[in-house]
Amino acid sequence: MKKNQLELLAPAGSYDIFRAVLNAGADAVYVGGGQFGARAYANNFSEEELLRAINEAHIHGKQLYLTVNTLLKEEELEAQLYDYLRPYYEQGLDAVIVQDMGAFQFIREYFPKMDIHTSTQMTICNRYGAEMMKELGATRVVTAREMSFAEIKDIADHVDIEIESFVHGALCYCYSGQCLLSSMLGGRSGNRGRCAQPCRLPYEVYDAKRKKIACEPFVLSPKDLCTIEDIPKLAESGIFSFKIEGRMKKPEYTAGVVSIYRKYLDLYEKKPSRFHVLPEDMKKLYELYNRDGFNKSYYTVRNGRDMMALKNEKEQENKKKQRRNEQLFYEIQRDYIETEAKEPISGFLTLYPGQPAFLSAESGKYSVTTEAGMVEPAKKQPLTEERVKTQLEKTGETPFYFKELDVCMDDNCFVPMQTLNELRRGVSDQLVKEMTEPYLSLIHISEPT
């Protein structure tokens with residue numbers, strides 16, 4: 001169940017952000033689809049995009065999780081959830097994140113190979129809750145955000161289940177996201193994915209005698225969470241998946257934060273004794289976004305004024321825009337947003353007159369071979385090795401690039417460029433199939449009656 005390497009889990013509110021966080025170093029990505037996600041106003045994935053993203057994640061050796069973390073109505077559970085999840089299940093979706101216990105039991109029954117992660121809104125806050133969810137069939141618990149290092153470690157010490165916890169991003173004022181304030185004030189339920197964020201608004205505060213208290217107006221707005229300096233403590237507490245919040249955030253923010261956490265997770269795993277966060281990287285996190293500074297949530301404290309962003313949020317945002325580090329945002333766009341992730345492959349081509357053209361390719365543990373056409377003796381100008389390599393290395397639309405390409409060919413041979421294109425497409429298609437097939441669900445089940 002538990003894995004050795006820590007997981008960096010990134011949010012993606014759109015397909016462009018999904019690709020950017022893969023480039024930035026995420027091990028897994030959580031996204032919302034067309035229904036049942038707690039961020040209904042994000043640029044959520046269409047069915048076609050989500051099916052494509054599942055394959056793309058697996059080609060790059062990553063995981064994709066789908067948020068199904070709203071509370072469901074009875075008619076949604078009976079008439080919509082099955083049809084919604086089935087294509088993703090059969091495509092090999094790695095897990096769903098669930099809050100509703102009815103949805104949990106439904107998925108466990110009708111999608112038996114699907115991993116279920118209990119949403120933070122399920123409020124698992126001790127080992128007894130974690131043990132119960134494991135017995136019901138959960139593979140991972142996303143801890144309540146109010147838990148301390150010691151409380152998380154108690155789960156890790158007593159329950160053999162993966163633990164996921166938030167390490168960076170916005171915090172709710174209410175208990176682990178279970179807010180009714182938006183619903184009561186404006187009819188937009190956070191538990192249905194439509195939170196209007198009333199906690200970010202200014203308020204007047206009165207004492208028990210209805211006397212107005214002089215204080216800053218933003219009394220319900222917590223600062224953003226930042227725990228990069230506490231990566232060793234998080235890992236030693238038993239947290240496996242380090243979760244970044246931000247499906248409503250812009251790609252520069254998400255990719256930038258992921259890249260910095262990637263750097264320090266790698267440093268911790270390679271040389272824990274030398275772990276230290278450089279001031280310039282901490283400065284980058286502040287420049288990407290902060291809400292009147294950062295806090296460390298409840299990992300070490302229970303409450304306090306220092307956890308709250310008491311200043312005018314709009315004024316703070318305007319000042320940040322004026323001070324924006326354009327060079328930082330340019331580098332993020334260049335390195336992660338405008339760059340397409342491709343997997344390296346090693347290729348070997350043979351071209352000899354009278355024989356088919358052969359191309360083999362390897363990527364990690366995967367190895368494929370394809371052939372196309374017949375190699376002919378050159379009638380005029382023979383092909384050169386340079387010309388052949390240039391043509392094969394045009395991998396534009398494929399998810400691969402040739403890190404190495406060896407060519408063994410006769411000095412006097414010819415094949416049409418179309419043949420070389422067929423070879424390139426052939427190994428690409430075969431590699432994609434080899435990399436994605438192991439994830440496909442082989443269980444086809446009857447629809448619920």
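Predicted model: local features only at pLDDT ≥ 70, side-chain atom pairs only at ≥ 80, totals over all residues.
**Close-up 1. Strands β13 and β17 run parallel and are joined by nine bridges.**

**Close-up 2. An open sheet of four strands has the order β15-β14-β13-β17.** The pairing in this sheet is mixed, and its edges are formed by β15, residues 366-374, and β17, residues 400-409, each of which pairs on one side only. From one strand to the next, the twist averages 20°.

**Close-up 3. Helix α15, residues 417-436, packs on the sheet.** The helix touches β13, β14 (356-363), β15 and β17, and the direction of α15 makes about 155° with that of β15.

**Close-up 4. Helix α13, residues 326-337, has the buried residues Leu328, Phe329, Ile332 and Tyr336.** These four residues lie on the same side of α13, because they cover an arc of only 95° around the axis. An α-helix has 3.6 residues a turn, so residues three or four places apart point the same way. The partners against which the buried residues of α13 pack are α1 (15-24), α10 (251-270) and α11 (279-288).

**Close-up 5. At the start of α13, asparagine 325 reaches towards glutamine 327.** Here a side-chain oxygen of asparagine 325 comes to within 3.2 Å of the backbone nitrogen of glutamine 327.

Technical notes:
Residues numbered from 1 in each chain as written. Heavy atoms only, no water. Buried < 20%, exposed > 50% of the residue type's maximum accessible area, 1.4 Å probe, protein only. Helix = DSSP H or I, 4+ residues; strand = E, 2+ residues; numbered from the N terminus. Arc of directions from axis to C-beta. Contact = heavy atoms within 4.5 Å. Polar contact = N/O pair within 3.5 Å; in protein donor to acceptor, adjacent residues only side chain to side chain. Pairing = 2+ DSSP bridges. Axes fitted to C-alpha atoms, helices over the stretch in contact; angles between N-to-C directions.
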